[in-house]
Amino acid sequence: MARRIRTEPSRTLAEFRLLPGFTARECSVDQVSLRTLVTAEPESFTLEIPLVSAAMQSVSGSQMAIALGEEGGLAVLFCSQSPANEAAMVREVKAATPASPTATRSADGRFLVAAAVNTHDHAERVPALVDAGADLLFVDASHGHSAFQADTIAWINAHCPTIPVIGGNVVTAEGFSFLVGAGAAGVKVGMGSGSICITQEQKGTGRGLATALIEVCGERDRHTRSSGRYVPIVADGGLVTAKDVVMALAIGADTAMLGRFFARADESTNPKVKFEGRWFKPYWGEGSNRARAWKEARYHQSAFEEGIDALVECAGPLHGMLAESLAMIRASMSTTGAASIPELHRIAELELVSGLSIREGQPHDVLLAPTTPPGAPSDGT
Ligand code: RVP
């Protein structure tokens with residue numbers, strides 16, 4: 001029979017709520033710091049905001065990298081394109097001058113550039129990206145607990161020892177230890193939870209992101225205690241709103257990678273399209289037929305689809321989108337009593353909620369006012 005059958009269900013982030021803690025003056029909303037680590041020592045790259053855009057054709061090109069870098073986050077340039085094209089994107093980002101004091105910079109003051117690589121053509125791609133100025137690499141694979149991934153990380157560490165590499169994706173403690181043992185400077189967590197992902201339906205493999213993070217972050221903390229080295233974790237796939245990001249951070253992630261969220265921004269790679277009178281952007285999975293030329297490199301198979309081709313409603317310029325989401329993240333952290341992400345890791349208390357409890361947290365037992373537009377000002381009378 002199976003080596004192990006876990007009968008506790010796998011959980012999603014949406015099934016948890018954060019308990020409030022004591023809000024000291026030092027953790028009022030405007031005092032909360034969102035600074036976070038993206039790689040382990042010795043490089044210890046930091047971001048001012050814990051948001052990373054997904055390495056996907058329909059999300060992260062040079063425009064997204066510049067816009068999100070300016071906001072203090074990080075875009076991961078996609079590798080489902082030729083090494084020459086990806087290297088050209090790296091150059092474009094390096095040539096743009098960061099304006100904001102809190103932009104994500106490398107030691108030379110230019111934008112810190114992150115680029116994805118696959119486990120097939122790294123010997124050609126990595127030198128092209130590093131020559132172009134890439135500071136940080138992400139191995140882009142749906143299943144990172146593999147011999148191919150270990151070979152790729154080892155190759156990068158041997159040939160480009162100053163360039164940290166983030167491995168992934170894994171969803172188990174064993175997967176985390178494997179990647180750290182292979183030389184990863186950070187670990188990306190999530191399988192089958194992305195908004196355009198059908199891996200769970202097609203192959204039956206995957207795990208709810210909350211359960212994956214609980215197990216992996218627990219293993220990371222054990223690793224920190226035994227080795228003294230803290231390995232940052234990226235939560236990836238299925239984060240829909242700011243509260244999902246906060247929940248992932250509270251469990252122990254250091255950053256959140258989002259695809260659907262950033263695909264809706266003006267700065268994602270594709271032009272807007274009009275559909276039934278509304279504006280959308282195309283958003284498709286790296287395992288969909290639309291990305292088929294590169295699917296084999298990420299999924300190690302080309303016989304069937306693991307992603308879909310979709311539309312997401314436009315949300316306007318990135319800056320405006322982020323202002324609201326970051327305000328929500330800060331407010332949530334303030335309510336838990338955490339003034340920083342490391343503090344959130346130490347003090348957060350999460351609780352699994354019932355379906356009825358989730359319903360209670362939404363408007364209920366009232367009729368929505370038919371004439372007053374939502375948010376209309378009231379004079380109190
Ligand atoms: P989401 O933010 O829910 O849109 O998820 C984005 C993530 O989904 C990516 O960072 C990647 O890990 C995963 N992905 C990308 N393509 C596919 C697919 O075709 N199945 N999945």
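Start your tour with helices H4 and H5, which are roughly parallel to each other (angles under 35 degrees count as roughly parallel, over 145 as roughly antiparallel, 65 to 115 as roughly perpendicular, and the rest as oblique). Before you click any further: this is a predicted model, where local features need pLDDT of at least 70 and side-chain atom pairs count only at pLDDT 80 or more, while totals for chains, interfaces and linings use all residues. Residues are numbered from 1 along each chain as its sequence is written, and side-chain values use heavy atoms, with hydrogens and water left out.

**Stop 1: H4 and H5**

Select residues 147-159 for H4 and 173-182 for H5. Helices (H or I, at least four residues) and strands (E, at least two) are DSSP runs, numbered from the N terminus. The two axes cross at roughly 30° and come within 9 Å; axes are lines fitted to C-alpha atoms, for helices over the stretch in contact, and angles run from 0 to 180 degrees between N-to-C directions.

Which residues meet here? On the H4 side, show Ala-147, Gln-149, Ala-150, Ile-153, Ala-154 and Asn-157; on the H5 side, show Phe-178, Leu-179 and Ala-182. Contact means heavy atoms within 4.5 Å. Sorted by class, that gives seven nonpolar, two polar and no charged residues. For the classes, Ala, Val, Leu, Ile, Met, Phe, Trp, Tyr, Cys and Pro are nonpolar, Asp, Glu, Lys and Arg are charged, and the others, Gly among them, are polar.

**Stop 2: H8 and H11**

Next, pick residues 242-251 (H8) and 318-336 (H11), whose axes come within 9 Å and cross at roughly 45°. That angle makes H8 oblique to H11. This crossing is right-handed. H8 brings Ala-242, Val-245 and Val-246 to the contact, and H11 brings Ser-325, Met-328, Ile-329 and Ser-332. Colour them by class and you get five nonpolar, two polar and no charged residues.

**Stop 3: H1 and H2**

Now try residues 62-70 (H1) and 83-95 (H2), which pack at about 35° with axes 9 Å apart. H1 passes H2 in a right-handed crossing. Look for Ser-62, Ala-65 and Ile-66 in H1 up against Met-89, Glu-92 and Val-93 in H2. Their classes are four nonpolar, one polar and one charged.

**Stop 4: the ligand**

Gly-287 uses its backbone instead, with an N or O atom 2.7 Å from a ligand oxygen. Then find Arg-298, where a side-chain N or O atom is 3.3 Å from an oxygen of the ligand.

**Stop 5**

Go to the loop between S2 (36-37) and S3 (46-47), where Pro-42 is found. A cis peptide bond joins Glu-41 to Pro-42, with omega about 5°. Ser-44 is also in the loop between S2 and S3, and its phi is near 45°, a positive value in a residue other than glycine. For another cis peptide bond, select Gly-168 and Asn-169, where omega is about 0°. Asn-169 is in strand S8 (residues 165-170).

**Stop 5: Glu-15**

Finish at Glu-15, in the segment before strand S1 (16-18). Its side chain makes a polar contact with that of Arg-11, at 2.8 Å. A polar contact is a pair of N or O atoms within 3.5 Å; within protein, one must be able to donate a hydrogen and the other to accept it, and residues adjacent in sequence count only if both atoms are side-chain atoms. What else does Glu-15 touch, leaving aside neighbours within four places in sequence? Show Ser-10, Glu-351, Leu-352 and Val-353.

Notes. Left-handed = near helix turned anticlockwise from the far one by under 90°.
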